[in-house]
Amino acid sequence: MTEIAIDSLCKSYGKTPAVCGIDLVIPSGEFVVILGPSGCGKSTLLRMIAGLEDITSGSVAIGGTVVNDVEPGARGCAMVFQNYALYPHMSVAQNIGYAQKIAGVGKREREAAVLRVATVLGLETLLDRKPGQLSGGQRQRVAMGRAMIRSPKIFLFDEPLSNLDAKLRLQMRLEIKRLHRELRTTSVFVTHDQIEAMTLADRLVIMNKGVIEQVGTPDEIFRRPASLFVADFLGTPPMNFLPATIDTAGRPVVSTNTVLGAARRWNLPAGTDVRVGVRPGDIGLAELPSAHALPFELDMIDDLGTETHWHGHAAGSRLSITVTPGARPARSPLAVSIPEGAIHLFRNTDGRRVDPIKSTEFLQATG
Ligand SMILES: Nc1ncnc2c1ncn2[C@@H]1O[C@H](COP(=O)(O)OP(=O)(O)O)[C@@H](O)[C@H]1O
Ligand SMILES: [Mg+2]
């Protein structure tokens with residue numbers, strides 16, 4: 001059983017911080033996905049866990065022991081990269097068994113181990129092939145086999161599926177999920193792909209510019225994003241954002257003077273500038289005129305077959321709505337309504353989320 005505990009971890013290249021003040025505990029057996037845009041420090045964090053990168057300050061502990069000064073080979077981590085880095089002149093069996101050969105494991109034992117791992121990965125009929133004779137997905141599985149044969153305490157994945165086409169990515173995702181269910185090895189998986197992250201993670205860590213923005217289950221993070229950054233990063237099409245100002249009753253008012261979430265109260269001073277976030281799928285079509293509907297100007301329809309999105313403008317901002325698959329506008333002009341429960345509210349100053357309070361609390365608070 002192997003827990004990873006990361007404490008105030010920082011890494012700077014020269015004077016430039018790449019990763020800053022990371023605190024994270026990954027319980028034994030958990031599958032954690034680190035998600036963030038390119039350059040946010042994901043690989044640097046992973047490489048510090050593996051020992052491939054020196055730590056500037058803070059600590060990494062594996063299984064209760066601080067490993068800052070422990071050699072990569074002695075940390076019990078196996079890493080799978082985006083480029084599979086297979087030996088082209090070796091067969092699948094030789095690639096998978098290489099680490100054991102180097103470690104001096106006998107031929108008979110090695111062959112048994114290779115067959116066991118290859119069978120788990122569905123590679124048992126391909127053992128004699130060279131990497132050049134394999135598909136991208138098969139190569140990636142060989143790379144995984146090479147990591148698995150060492151029975152590592154920890155799996156570290158750095159965007160291992162990024163080179164595969166969409167269909168193979170899905171297949172490998174299911175494969176990795178199945179493997180984790182079987183092996184229960186503590187795993188840290190780095191990606192910039194939100195679908196991969198949402199589907200694989202027991203727990204999701206969202207990173208931005210070297211710091212952690214939010215940690216939680218995929219569901220928690222999607223339903224209650226803690227910041228504008230997280231809200232904007234997760235979801236397709238992305239969340240809509242409407243600039244608004246808080247009125248004296250604690251409600252956001254958008255540029256059309258429409259009060260949103262009229263029955264809710266946000267405990268912010270009147271005049272506070274905020275951003276109202278609402279997911280495209282949470283927006284409904286409305287009949288005009290209505291005190292709480294927003295006129296919607298349709299610019300474009302994206303019909304993906306299984307889902308249909310209308311892109312346009314409302315209250316001076318771009319707005320996308322997800323409608324019934326295949327739906328086309330039946331009337332003009334159009335209007336949309338934003339259900340109160342669908343409102344995510346963020347302060348402009350720091351981009352942090354503010355949740356509504358009960359109306360009764362608001363009245364007491366303001367006397
Ligand atoms: N060896 C290096 N020397 C200097 N800067 C680096 C080095 N490696 C990464 N960086 C910088 O550190 C930041 C984080 O990089 P990285 O961890 O690779 O991001 P990610 O994996 O999220 O794309 C980036 O700004 C990158 O340019
Ligand atoms: Mg990277």
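The dialogue below treats conventions, domains, the ligand shell, helix packing and backbone geometry in turn.

Q: Which conventions apply to this model?

A: This is a predicted model, in which local features need pLDDT of at least 70 and side-chain atom pairs count only at pLDDT 80 or more, while totals for chains, interfaces and linings use all residues. Residues are numbered from 1 along each chain as its sequence is written, and chains are lettered from A and ligands numbered from 1 in the order in which they are written.

Q: Into which domains is the chain divided?

A: Domain bounds come from an automatic or database domain assignment. Here the chain is divided into domain 1 (4-229) and domain 2 (238-365). Their C-alpha centres lie 39 Å apart. The contact between them takes 5 residues from domain 1 and 6 residues from domain 2, where two residues are in contact if their C-beta atoms, placed from the backbone, lie within 7 Å.

Q: By class, which residues does domain 1 have on the side that touches domain 2?

A: Ala, Val, Leu, Ile, Met, Phe, Trp, Tyr, Cys and Pro count as nonpolar, Asp, Glu, Lys and Arg as charged, and the others, Gly among them, as polar. On that side domain 1 has 4 nonpolar, 1 polar and no charged residues.

Q: Which residues surround ligand 1?

A: A residue is near a molecule if its C-beta atom, placed from the backbone, lies within 6 Å of it. Ligand 1 is surrounded by Tyr13, Ala18, Gly36, Ser38, Gly39, Cys40, Gly41, Lys42, Ser43 and Thr44. By class, this shell has 3 nonpolar, 6 polar and 1 charged residues. Its largest share, 3 residues, comes from helix α1 (residues 42-50). Helices (H or I, at least four residues) and strands (E, at least two) are DSSP runs, numbered from the N terminus.

Q: At what angle do α2 and α4 pack?

A: Axes are lines fitted to C-alpha atoms, for helices over the stretch in contact, and angles run from 0 to 180 degrees between N-to-C directions. Helix α2 (residues 92-102) packs on α4 at about 30°, with the axes 7 Å apart. α2 is therefore roughly parallel to α4; angles under 35 degrees count as roughly parallel, over 145 as roughly antiparallel, 65 to 115 as roughly perpendicular and the rest as oblique. The contact is made by Val92, Asn95, Ile96, Tyr98 and Ala99 of α2 with Val142, Gly145 and Arg146 of α4. By class, this contact has 5 nonpolar, 2 polar and 1 charged residues.

Q: How do α4 and α5 cross?

A: The axes of helix α4 (residues 136-148) and helix α5 (residues 166-183) come within 10 Å and cross at roughly 30°. These two helices are therefore roughly parallel to each other. Gly136, Gly137 and Gln140 of α4 meet Leu168, Gln171 and Met172 of α5 in the contact, which by class has 2 nonpolar, 4 polar and no charged residues.

Q: What is the arrangement of α2 and α3?

A: α2 and helix α3 (residues 107-120) pack at about 130°, with their axes 9 Å apart. That angle makes α2 oblique to α3. On α2 the contact includes Ala93 and Ile96, and on α3 it includes Arg110 and Ala113. By class, the contact has 6 nonpolar, 2 polar and 2 charged residues.

Q: Where are the cis peptide bonds and the positive phi value to be found?

A: Most residues other than glycine have a negative phi, and most peptide bonds are trans. The bond from Thr236 to Pro237 is cis, with omega near -15°, and Pro237 lies in the loop between α8 (228-233) and β11 (240-246). The bond from Ser332 to Pro333 is also cis, with omega near 0°; Pro333 is placed in the loop between β17 (317-323) and β18 (334-337). Ser8, a residue other than glycine, has a positive phi near 45° and is found in strand β1 (residues 4-13).
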